[in-house]
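Could you look over the notes below before we discuss this model together? They are set out as numbered points.

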Amino acid sequence: MPATPLRERKAWQALERHHAEIAGRHLRDLFAEDPGRGERLTAEAAGIYLDYSKNRVTDETMRLLVELAAESGVPERRDAMFRGEHINVSEDRAVLHVALRMPETESLVVDGVDVVQEVHDVLRRMREFSERVRSGEFRGYTGKPVRNVINVGIGGSDLGPVMAYEALRHYCTREITFRFISNVDSTDFAEATRDLSADETLFIISSKTFGTLETLANATSARDWVVRELGSEDAVAHHFVAVSTNAERVRAFGIDTANMFGFWDWVGGRYSMDSAIGLSTMIALGAGQFGEMLAGFRAMDEHFRTAPLESNLPVLMGVLAVWYRDFFGAQTYGVMPYEQYLKRFPAYLQQLTMESNGKHVTLNGRHVDYDTGAVFWGEPGTNGQHSFYQLIHQGTTLIPIDLIGFGKSLNPIRDHHDLLSSNVFAQAAALAFGKTEEEVRAEGTPEQVVPHRVMEGNRPSSVLLAEVLTPRLLGSLVALYEHSVFTQGAIWDIDSFDQWGVELGKVLAQQIIPELKNEAEPELAHDSSTNALIRRYRSLKRK
């Protein structure tokens, strides 16, 4: 880790001075003074073209940001990750989601084990099982083939699979219905199973420890449903498989451990969609297309590992995120995919970014004196343009955004894709350059309306363009954001791979559950607000 605290690093202090000089400069002026910046401030890798010219930066800004990444040890920490060193310091673990997509010909020995071979052993078992399901060879308790697959998980065990399924639905089999249950709210389970037949349904229970409260509650309800519908406990082994590392709990649940697919403590949940957690994805896509997705991940991994910092896509996106968070005080960051299949991509990124970099202490436990992770959010275009873009254009909050577009549609109809794509470029231009008072008046606008129609511009955006959404491209796109998050965390000197902030609420919930069920009103020992809420809840239940 860097020995010098972030705010004392030379590049950081140079950026503070530089920001004071250019913060007030408008993108209109930057483009007028440097007409070639639209071709120069770009980078490309793994099928993704990045135009970052409409950001509030100059060549000097980017030089200093890249220097900050180098001075912060991004290359060294990146290389340590790829070597399998325990860079997750609070849990003393390696961080090796990159091993999930390494080719079988490679070897990576960590703690005395070749993890690449272990990964491919699991992939082989996933391929064999998914083919049995897809072909109809795998049969349920009554002898019927699987027509419905339901993934039961939460967090990374849900967000990754559901995002991948929605993103790649064009390539998925239509012979099987896929659904996803995550919320412990019983409505989620009820609606997912309401119109299905238990004798044609396979549940994938995704929980590393097989002890996650929400997942086990839903899994138990699923087991009850199957047993009730099919009339025998023996049906469980025919309709459930597990993605877990806890064979004892899996066996006790009634699942045949031959149908248990493992993964490792060096895979964080939000980095696990290309592990066995992606079993539903492989069943939906087929093993060949799943392999293509892994190849896309791998292509971006290699770019991140080998490309110079100044042309490295994840590094460029990472340093820009730091630039806006820490120097402009931007609290949120928008990601707007102009591709309906990517409708769940912003939700996926919310966990990836905020669970990774929502941290308040450095690697050595010192409280940070600068801002870390921004709030990530987004919605597919053009829907967002008719809801929240108003605030981005004319509000008082600076919100940098990424606009993601494609050259081709997977469902070409008339001129829909040209209409869609025109908005990618139009929004980026409108955000950057806005509309001046003079331009508004020149349109014949009544004077009293002029202030309302002025758009200041100078709102930063980056545009990511690719040819068409494919499994390979999705892998590269996810890896791009993974490594951007890594870059930010390395600069901030935080642990991007633990998530202690989710634990306290879980512990308190376990304490409160029996108090909600107990009508005898035992003495409550919480704060006055929590005590009052529990009593009110009991009263509502009794009604």
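1. Basis. This is a predicted model, in which local features need pLDDT of at least 70 and side-chain atom pairs count only at pLDDT 80 or more, while totals for chains, interfaces and linings use all residues. Residues are numbered from 1 along each chain as its sequence is written, and side-chain values use heavy atoms, with hydrogens and water left out.

2. Buried stands for under 20% relative accessible area, exposed for over 50%, and partly exposed for what is in between, with a 1.4 Å probe and protein chains only.

3. Surroundings of Leu 474. When neighbours within four places in sequence are left aside, Leu 474 is in contact (heavy atoms within 4.5 Å) with Met 163, Ala 164, Ala 167, Leu 168, Met 293, Leu 342 and Leu 469.

4. Helix 22. This helix, residues 528-542, has 15 residues and reaches 21 Å from its first C-alpha to its last, close to the 21 Å expected at 1.5 Å a residue, where the expected span is 1.5 Å times one less than the number of residues. Asn 531, Ile 534 and Arg 538 are buried in helix 22. These residues cover an arc of only 65° around the axis, and therefore lie on the same side of helix 22; the arc is that of the directions from the helix axis to the C-beta atoms. As background, an α-helix has 3.6 residues a turn, so residues three or four places apart point the same way. Helix 21 (503-517) is included in what covers the buried residues of helix 22, whereas the face turned away from the buried side carries the exposed residues Ser 528, Leu 533, Arg 536 and Leu 540. At the start of helix 22, a side-chain oxygen of Asp 527 comes to within 3.0 Å of the backbone nitrogen of Ser 529.

5. Five strands form an open sheet in the order 6-5-7-8-9, with parallel pairing; two strands pair if DSSP finds at least two bridges between them. Strand 6 (177-181) and strand 9 (260-261) stand at the edges with a single partner strand each, so one side of each has no neighbour in the sheet. Strand 5, residues 148-152, pairs with strand 6 in the parallel sense over five bridges, and Val 152 stands opposite Ile 181 in strand 6.

6. Strand 13. Five of the six residues of strand 13 (residues 461-466) are buried, which leaves the strand mostly covered. Three bridges join strand 13 to strand 2 in an antiparallel run, and Asp 51 has Val 463 of strand 13 as its bridge partner. Strand 12, residues 401-406, pairs with strand 13 in the parallel sense over six bridges, and here Ile 401 has Ser 461 as its bridge partner.

7. Asn 357. Apart from neighbours within four places in sequence, Asn 357 is in contact with Thr 372, Gly 373, Val 485, Gln 488, Gly 489, Trp 492, Ile 494 and Ser 496.

8. Backbone points to check. A cis peptide bond, with omega about 10°, joins Gly 381 and Thr 382, and Thr 382 lies in the loop between strand 11 (375-377) and helix 16 (389-394). Ala 46, which is not a glycine, has a positive phi near 50°; Ala 46 is in the loop between strand 1 (42-45) and strand 2 (48-51) and counts as partly exposed at 28% relative accessibility. Asp 111 also has a positive phi, about 50°, although it is not a glycine; Asp 111 is placed in the loop between strand 3 (109-110) and strand 4 (113-114) and counts as exposed at 64% relative accessibility.

How values were computed. Helix = DSSP H or I, 4+ residues; strand = E, 2+ residues; numbered from the N terminus. Polar contact = N/O pair within 3.5 Å; in protein donor to acceptor, adjacent residues only side chain to side chain.
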